Amino acid sequence: MSNKNPGVNTICTHEGEIKDTTYQGVVSPLYMATAYAFEDVEAKRYPRYFNTPNQLALARKIAALEHAEAALVFGSGMAAISTALLAFLKKGDHVVLQQTLYGGTFNLITEEFDRFGIAYSFTEGWKPSDFEGCIRDNTRVVYLETPSNPLLTITDIEAVSALAAERGLITMIDNTFASPVNQNPIDLGVDVVIHSATKYLGGHSDILAGAVAGKQVYIDRILKLGINLGGTLSDYTVWLLERSIKTLGLRVKAQNRNARKLAKFLQKHPDVARVYYPGLKSHPDHELAKKQMKGFGGMLSFELSDGLDAGAFMKELRLVKPAMSLAGVESTITSPALTSHSLLTAEERKAQGISDGLLRFSVGIEDRKDLVEDLERALQKTAALQDK
Ligand SMILES: *Cc1c(COP(=O)(O)O)cnc(C)c1O
């Protein structure tokens, strides 16, 4: 792209696009080939090598969005996470991870790392000192996730990156919840940024994909293992994902606005006990969120008032759909106690601040008045059930 300092919507629309020199079509052509005639013997193109035209184009777009030198596109968020972690960890090493992790990442660590001989510690909380306290002589990687799931806690990215850098450690972040529109961790000192592109980058609940972004030297290292592990994305889905990202800026900004207004609406509602949203002044780390985020995101959580049943509330919703995944243009809602955290005991959930009445809300792009109407009606119906 010729512009010196393009804005986020221009990057979303144009960065990385492949020029159609045959027919002058205005969008990137799709190249599905898995075999390419040799130009020279060194450069072999193959989808599993992350180097087809469409894979490279999409990687350039994601790198530009994350202010990174380079990026790679994977077949899922977990393929990106596992490849990135294992590229920097070997037998005898240790990794420090934030306690409030995406469930799949937690499972990867606790179910697989022991047999690779990789040690790990989960932080007690999410303050920089919690990370610092876990660092050992053999620590190689510090891994964070902010805003976190489902309570939207905020970790000080700059402070954690700085204390890792002082010790020569690699900092990785799962930036899925914020999206590159709202948060650019590389500007704050992070080495490797990871996305489940299934969420905001895809944005329409119909693509499974992942991505990593960072300095070229780090990406080269992840690429080397990535080729051996084989978790790349098919070119057809790469092409769809590039198309989806064209509207990423528009979608996420609309979701930011909707979420902020809905958080305020819910906070004032008598049938809602508590709202967790970094954009609210009542959020304990609102100032930190303001400092490190450009927008507060489309994810929020709230607790129904005592005695109101979360399952009954979700059944009363007509527009907002109960669903596990998140970040689509359609609003979805889930009960962590009934889904992602259902395998924990009630005690364990309580220790993590997950009450039975907690709901995690992924705010879509619908008209705000329609979302408010849906929530209001469902709250009234649920409260009426309790009065019976
Ligand atoms: C969904 C998700 C993942 C995993 O991504 P997949 O695309 O499902 O493999 C990782 N981190 C976060 C925060 C997520 O929401």
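Hi everyone. Helices and strands here are DSSP runs, numbered from the N terminus. Keep in mind, too, that we are looking at a predicted model.

You'll find Gln183 in the loop that runs between helix H7 (179-182) and strand S6 (192-196). Is Gln183 buried or exposed? Its relative accessibility is 0%, so Gln183 counts as buried, the cut-off for that being under 20%.

Who are its neighbours? Setting aside residues within four places in sequence, Gln183 is in contact with Glu66, Thr146, Pro147, Ile157, Ile173, Asn175, Ala178, Gln292 and Met293. As for Ile194, 11 residues away along the chain, its C-alpha atom is separated from that of Gln183 by 12 Å.

The largest pocket has a volume of about 1300 Å³. It is lined by 49 residues, and Leu101, Tyr102, Gly103, Asn149 and His341 are the closest to its centre.

Where does the largest pocket lie? Both domain 1 (8-245) and domain 2 (250-387) give residues to the lining, so the pocket lies between them.

Which elements build that lining? At least two residues each come from helix H3 (77-88), helix H4 (103-116), strand S8 (272-276) and helix H13 (346-351). H4 gives the largest share, with 4 residues. By residue type, the lining divides into 21 nonpolar, 21 polar and 7 charged.

Terms used: Residues are numbered from 1 along each chain as its sequence is written. This is a predicted model: local features need pLDDT of at least 70, side-chain atom pairs count only at pLDDT 80 or more; totals for chains, interfaces and linings use all residues. Side-chain values use heavy atoms; hydrogens and water are left out. Buried means under 20% relative accessible area, exposed over 50%, partly exposed in between (1.4 Å probe, protein chains only). Contact means heavy atoms within 4.5 Å. On a 1 Å grid over the protein atoms alone, a cavity is a set of points where a 1.4 Å probe fits but cannot get out, and a pocket is an open set with protein on both sides within 12 Å along at least five of seven lines; lining residues have an atom within 4 Å of a point. Grid points are joined across faces, edges and corners, and a volume is the space filled by probe spheres set on the points. Ala, Val, Leu, Ile, Met, Phe, Trp, Tyr, Cys and Pro count as nonpolar, Asp, Glu, Lys and Arg as charged, and the others, Gly among them, as polar. Domain bounds come from an automatic or database domain assignment.
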